[in-house]
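I opened this model to look up a few side chains and their surroundings, and I set down below what I found.

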Amino acid sequence: MYFQRLEDLRIDADKTQEEIAVVLNCQREVYRRYEKGIHEIPVWAVIKLAEYYQVSTDYILGLTDKKE
């Protein structure tokens, strides 16, 4: 599921939930809920994170295992 990819990308980048929340211009708790799968992440946030991590949106969504 995409929420596991969000956590894995964040950990691999050595970032905190707070730092990623700043990238998305949201509160840490909102981002935490995306990462835990409590709330679905909006499309705009997936796009922004794909740009930030330099991976494809398909990778974040778990549609492929290829990052590019």
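I take contact, or touching, to mean heavy atoms within 4.5 Å. This is a predicted model, in which local features need pLDDT of at least 70 and side-chain atom pairs count only at pLDDT 80 or more, while totals for chains, interfaces and linings use all residues. Residues are numbered from 1 along each chain as its sequence is written, and side-chain values use heavy atoms, with hydrogens and water left out.

Entry on Lys48. I found Lys48 in helix H4, where helices are DSSP runs of H or I with at least four residues, numbered from the N terminus. Not counting residues up to four places away in sequence, Lys48 touches Val23 and Leu24. Val23 is 25 residues from Lys48 along the chain, yet I read 8.2 Å between their C-alpha atoms.

Entry on Arg5. Arg5 belongs to helix H1 and counts as buried because its relative accessibility is 15%, the limit for buried being under 20% relative accessible area with a 1.4 Å probe and protein chains only. Leaving out residues up to four places away in sequence, I list Tyr59, Ile60, Gly62, Thr64 and Asp65 as touching Arg5. The side chains of Arg5 and Asp65 are also joined by a polar contact of 2.6 Å. For a polar contact I require a pair of N or O atoms within 3.5 Å; within protein, one must be able to donate a hydrogen and the other to accept it, and residues adjacent in sequence count only if both atoms are side-chain atoms.

Entry on Ile41. With residues up to four places away in sequence not counted, Ile41 touches Tyr2, Leu6, Tyr34, Val46 and Leu49.

Terms used
Helix = DSSP H or I, 4+ residues; strand = E, 2+ residues; numbered from the N terminus. Buried < 20%, exposed > 50% of the residue type's maximum accessible area, 1.4 Å probe, protein only.
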